[in-house]
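We will go stop by stop.

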Amino acid sequence: MAEQQQSLQAGQLPPRSHQVVKAATAATAGGSLLLLSGLILVGTVIALTVATPLLVILSPILVPAVIAVGLIITGFLASGGFGVAAISILSWIYRYVTGKQPPGAESLDQARMKLAGKAREMKDRAEQFGQLATGQQT
């Protein structure tokens, strides 16, 4: 073992017997996987040959059934998703109202203050415009 490491470190090739063992192992593994893939292909073709007439005969039943099951699953998933969203929003609102400062509360407060400032500014401008339009300038 130490001789192999020394020969590899010195830049020499490993003994030929190790190369033969590696090649035989790779060929065995590759061949068995190739055989397995061939068997699976043959089984798939046989199963498809047997199942095709059944699928053609039952397609007026299976296609609507698959569509119905798909719609039902989509409905349940959407309902569950909306329910989770609603519960999380309600819990966020509860925490915000009780003063526990949930994530994002600071940005909401900043936006509220900004909107209130703009509303006051628009109110003042409307009052000035109203005074100018009626001719009652003060």
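Bear in mind that the model is predicted. Gln101 sits in the loop that joins α2 to α3 (105-134). Check its backbone: phi is near 50 degrees, a positive value in a residue that is not glycine.

Now select Gly99. This glycine follows α2, and its phi is positive too, near 85 degrees.

Next, take the helix itself: α2, residues 16-97. How far apart are the end C-alpha atoms of this 82-residue helix? They are only 79 Å apart, whereas a straight helix would reach 122 Å at 1.5 Å a residue.

Move along α2 to Trp92 and Tyr96. Show their side chains. The two residues are four apart in the helix, about one turn. Which arrangement do the rings of Trp92 and Tyr96 adopt? They are stacked, with 5.3 Å centre to centre and 5 degrees between the planes. The planes count as stacked because the angle is under 30 degrees. A search of the whole structure finds one aromatic pair, formed by Trp92 and Tyr96.

Trp92 has 23% relative accessibility, so it counts as partly exposed. Tyr96 is also at 23% and therefore partly exposed.

Terms used
Residues are numbered from 1 along each chain as its sequence is written. This is a predicted model: local features need pLDDT of at least 70, side-chain atom pairs count only at pLDDT 80 or more; totals for chains, interfaces and linings use all residues. Side-chain values use heavy atoms; hydrogens and water are left out. The expected span of a helix is 1.5 Å times one less than its number of residues. Rings of Phe, Tyr and Trp (its six-membered ring) pair if their centres lie within 6.5 Å; planes under 30 degrees apart count as stacked, over 60 as edge-to-face and the rest as tilted. Buried means under 20% relative accessible area, exposed over 50%, partly exposed in between (1.4 Å probe, protein chains only).
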